[in-house]
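Hi,

Here is the structure I promised to pass on.

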Amino acid sequence: MSAADQATIDPTSTPLSTKNKVLTTGALLAQNFAPVNAVCAHLNAFHVYSSDPHRCVEANHYCSHISEDVRQCLIYDTPQPNARLIGVEYMISPKLYATLDASERKRWHSHVFEVKSGMLIMPGPAGVPNAGWEVAETKEMEEVIGLYGKTYHFWQVDRGDKLPLGEPELMGSFTSEEQMPKGLLKERDERYGISSEQKKEKRGYIEEPEVQSDADQMWKK
């Protein structure tokens, strides 16, 4: 079990009772979970605290499309069944970003570096050859690279919080290699059996869109 998986398990918590397990199973069989069932992509990357760029946390995004211009993602600390919901991210097209006022645009971040560096990945399902899956992943990156994201985290698991405490934290993304802690991707890459460097090479053909100057404000303070 990886460090990320272990971080999800709180030894002080009371295990789920048999009663609640039965109720959960019944709900799965009887209820409609249409909004959750609309999730169509699992993306993995790292989010940075706008209030403290020295802090970052791994983020597993489970995203659905509201329209061609809007996506919404639930952010979990791990991809495990007992993962903690730590935040949300909204992604919008450049067309919608251009409609925002100046103060609002400062809350949004770009995805260009995440895509081009190989940091942003779409973990493949078990049993699917990596080479084949990367074709689908790279096509997804062609779409994500131009989107702007607005992210808030409610649960600061990186500092060991057992519950979501305090005010929500506005999060951003890395925009250059110099901003990243040394070796940040190594453990993640090994866990997923992938190479960010290889992904970087394969995404070399993806055209870099112009990033609006008022995005990624956490790096311009």
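**A glutamate in a strand**

Let's begin with Glu89, which sits in strand β4, residues 85-92. Keep in mind throughout that this is a predicted model. Glu89 is buried but has no salt bridge. The nearest side chain of opposite charge belongs to Arg71, and that is 9.8 Å away, whereas a salt bridge needs a nitrogen-to-oxygen distance within 4 Å. So what does the side chain of Glu89 make a polar contact with? One partner is the side chain of His47, at 3.2 Å. Another is the side chain of Thr151, also listed at 3.2 Å.

Searching the whole structure turns up 17 salt bridges, and I'd like to walk you through a few of them.

Start with Glu134 and Lys202, whose side chains form a salt bridge at 2.7 Å, N to O. This pair ties together distant parts of the chain: Glu134 is in helix α7 (residues 130-144) and Lys202 is in helix α9, 68 residues apart. Glu134 counts as buried because its relative accessible area is 6%, under the 20% cut-off. Lys202 has 45% relative accessibility, so this residue counts as partly exposed.

Next come Glu137 and Lys199, with a salt bridge between their side chains at 2.7 Å, N to O. Again the link is between distant parts of the chain, with Glu137 in helix α7 and Lys199 in helix α9, 62 residues apart. Are these two buried or exposed? Glu137 has a relative accessibility of 2%, so it counts as buried. Lys199 is buried too, because its value is 3%.

Glu137 has another salt bridge, with the side chain of Arg203, at 3.3 Å, N to O. Here too the pair links distant parts of the chain: Arg203 lies in the segment after α9, Glu137 in helix α7, and they are 66 residues apart. With a relative accessible area of 1%, Arg203 is buried.

Put together, Glu134, Glu137, Lys199, Lys202 and Arg203 are linked in a network of salt bridges.

Gly124 is in the loop between α6 (112-117) and α7. How far is Gly124 from Glu137 in space, C-alpha to C-alpha? The distance is 8.4 Å, and the two are 13 residues apart in sequence. Gly124 counts as partly exposed because its relative accessibility is 45%.

**A negative patch on the surface**

Last item: Glu177, Glu178, Glu197 and Glu201 form a negative surface patch. One of these, Glu201, is in helix α9, which covers residues 196-202. Glu201 is exposed because its relative accessible area is 63%, over the 50% cut-off.

Cheers

Key
Residues numbered from 1 in each chain as written. Predicted model: local features only at pLDDT ≥ 70, side-chain atom pairs only at ≥ 80, totals over all residues. Heavy atoms only, no water. Patch = residues over 30% accessible without salt bridge, like charges linked within 9 Å, V, L, I, M, F, W, Y side chains within 5 Å. Areas by Shrake-Rupley, 256 points an atom, 1.4 Å probe, with all protein chains shown as cover. Lys, Arg positive; Asp, Glu negative; His and termini not counted. Charge placed at Lys NZ, Arg CZ, Asp CG, Glu CD. Helix = DSSP H or I, 4+ residues; strand = E, 2+ residues; numbered from the N terminus. Buried < 20%, exposed > 50% of the residue type's maximum accessible area, 1.4 Å probe, protein only. Polar contact = N/O pair within 3.5 Å; in protein donor to acceptor, adjacent residues only side chain to side chain.
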